[in-house]
Each structure stands twice: as structure tokens, then as C-alpha cells.
Amino acid sequence: MKTGFQFFEDFLSLVFPRTCCLCKASLFEFEDQLCKSCISKLPVTNYHLRPQNNDLVIKITGLTKPGSVISFLRFTKKGDSQHLLHLLKYKNKPEIGVELGRIYGNLLKTNGFAEKWDQITPVPLHPLKLKRRGYNQSEQFAKGLAEALGIPVIHSLQRVLFTETQTKKTRMQRLENVAEVFAIQESLHVRDKTVLLVDDVMTTGATLTTCANVLFHHDAKTVDMAVIAAGKN
């Protein structure tokens with residue numbers, strides 16, 4: 001027999017049906033944010049199959065110590081990856097980041113990454129931007145990865161300076177814009193830790209590179225990088 005709460009859930013599902021973020025089809029109980037059909041069509045990069053030998057690694061070579069650099073999706077303008085990122089960042093949909101993290105985390109787990117890292121560290125937002133948005137989209141992605149991989153999320157980094165948006169900046173301008181922006185949280189230590197640094201998107205790699213160098217400066221053993229989507233800029 002259904003409880004009062006279950007009847008209330010049924011009522012809510014009628015008034016506010018759960019639908020796929022991409023195709024708007026109704027979701028089954030076992031689906032969250034995305035239907036199985038849309039998940040199967042996502043532009044997965046498969047960089048996890050060559051984590052130290054891909055164009056993202058080449059992009060950051062010479063700027064930091066390149067370890068594994070992976071992206072779940074290939075970013076394409078007006079494509080599914082851009083649509084999902086837009087919902088995550090600008091439409092108050094933090095749960096999309098968590099679900100994408102779960103999906104990618106399970107993919108990484110089946111490919112032997114479950115015990116590769118000691119901690120997952122999201123790229124932080126400045127407190128003003130965090131207050132404005134209400135959540136850190138990179139942290140949401142990290143939560144999903146952590147759930148799937150069984151690795152803790154540790155907020156090792158803090159953003160100490162507010163910077164302008166990076167969207168229309170060149171590669172060199174992006175590097176200059178994030179210089180001295182990040183620092184280690186005073187009470188946390190990364191010495192000898194293997195860290196998975198995560199962000200929502202990678203274009204030039206300026207933000208991730210700067211964060212990685214801060215972690216290395218505080219004696220992190222390795223710093224690998226993972227993002228939801230990566231572009232070609």
C-alpha cells in the first residue's frame with residue numbers, strides 16, 4: 001500500500017513531469033536528467049582510452065606538468081554538450097552536473113580509474129560569483145564523479161581574486177587573467193596526494209594549468225585533469 005508521501009510524489013509527477021533535459025521525453029524512475037537514448041548519443045571523446053596522449057595534453061605541455069588530461073564530451077557549438085553546459089551554468093540546473101559526473105565516473109570506473117586518485121578537487125568560483133549563481137558547476141560534476149568512483153571531494157583550492165569572464169579572451173589573455181588568482185586552502189594539504197582536478201569546460205587550459213601549478217607548488221604528487229567538455233580553441 002502506498003504511503004501519503006508516495007501519493008504526493010505521484011501527484012507531483014503528474015503536475016511537474018520529469019523530462020529529459022535534451023529531448024524532453026518523459027523519464028523512467030531509474031533515469032535522472034537524461035534518458036538512456038540521449039545518453040547513448042552524447043559526443044563522448046574516449047580520451048580516457050589515451051589519457052596521456054591526446055590534444056588536451058599537448059595543449060598544456062610547457063605550461064604545467066602534463067599528466068592525464070581527459071574530457072567526457074566533445075564541445076560543439078549548438079550541440080548537446082553546449083546545451084547541457086548552458087543549462088548547468090545559467091539555468092539553475094546543478095543536478096545536471098552531478099548526473100554527468102556519475103555517468104563519466106562509471107565509465108572511468110569500468111576502465112580501471114577507480115583507485116587512481118586520492119582526491120577530486122573542483123576548480124573554485126570566487127565567493128561573489130558563487131553567491132550569485134548559488135552553486136559551483138565544477139563542484140557538481142566533482143560530486144557525481146566522487147559518487148561513482150568512491151573518491152572524496154576535497155576543496156583544496158580557493159579563488160582569491162575576482163576575474164572577468166574568459167569567454168572572449170585569447171589564450172595568452174586567459175593565462176594572464178588567471179595568474180595569481182588561486183591559492184591553497186590554509187587548513188588543507190596536498191603533499192604527496194594524487195589529485196584529479198575538475199572543471200566544467202576546457203578551451204585554452206589556462207584556468208586548469210594555473211590551478212595545477214598551485215597544487216604542484218604545495219607538493220602534490222600528481223595532478224590529472226578532467227572536464228565535462230573540451231573545445232578546440
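Is G112 buried or exposed? With a relative accessible area of 63%, G112 is exposed. This briefing concerns a predicted model, in which the protein chain has nine helices and six strands. Of the 233 residues in the protein chain, buried residues make up 49%. Among contacts between residues at least 6 apart in sequence, 72% join residues at least 24 apart.

- Four strands form an open sheet with parallel pairing, and their order is β1-β6-β5-β2.
- The edge strands of this sheet are β1, covering residues 69–74, and β2, covering residues 119–122. Each of these edge strands pairs on one side only.
- From one strand to the next, the twist averages 20°.
- Strands β1 and β6 run parallel and are joined by five bridges, with β6 spanning residues 222–230.
- Opposite L196 stands D224, a residue of β6.
- Strand β6 is mostly covered, since eight of its nine residues are buried.

**Two glycines in loops**

- G112 is placed in the loop between α5 and β2. Its relative accessible area of 63% is over 50%, and therefore G112 counts as exposed.
- The C-alpha atoms of G112 and H48 are separated by 9.8 Å, although these residues are 64 residues apart along the chain.
- G205 is placed in the loop between β5 and α9, a helix that covers residues 206–217. The relative accessible area of G205 is 4%, which is under 20%, so G205 counts as buried.
- Along the chain, G205 and V57 are 148 residues apart, while their C-alpha atoms are separated by 9.6 Å.

**Aromatic rings**

- A pair of aromatic rings is described by two quantities, the distance of the centres and the angle of the planes.
- The count of aromatic pairs in the model comes to three. One of them is formed by F28 and F30, which are stacked at 5.4 Å centre to centre with 5° between the planes. Both F28 and F30 are exposed.
- F113 and W117 form another aromatic pair that is stacked, at 5.7 Å centre to centre and with 25° between the planes. Both F113 and W117 are buried.
- A further ring has a lysine over its face: K65 lies over the face of F216, at 4.7 Å from the ring centre.

**Cysteines**

- A disulfide is a covalent bond between the sulfur atoms of two cysteines.
- The structure holds zero disulfides. C21 is accordingly in no disulfide, and the nearest cysteine sulfur, that of C20, is 6.3 Å away.
- C21 is buried, with a relative accessible area of 7%.
- C23 is partly exposed, with a relative accessible area of 40%.

Technical notes. Residues are numbered from 1 along each chain as its sequence is written. This is a predicted model: local features need pLDDT of at least 70, side-chain atom pairs count only at pLDDT 80 or more; totals for chains, interfaces and linings use all residues. Side-chain values use heavy atoms; hydrogens and water are left out. Rings of Phe, Tyr and Trp (its six-membered ring) pair if their centres lie within 6.5 Å; planes under 30 degrees apart count as stacked, over 60 as edge-to-face and the rest as tilted. Buried means under 20% relative accessible area, exposed over 50%, partly exposed in between (1.4 Å probe, protein chains only). A charge sits over a ring if NZ of Lys or CZ of Arg is within 6 Å of the ring centre and within 35 degrees of the ring normal. A disulfide is a pair of cysteine sulfur atoms within 2.5 Å. Two strands pair if DSSP finds at least two bridges between them. Axes are lines fitted to C-alpha atoms, for helices over the stretch in contact, and angles run from 0 to 180 degrees between N-to-C directions. Contact means heavy atoms within 4.5 Å.
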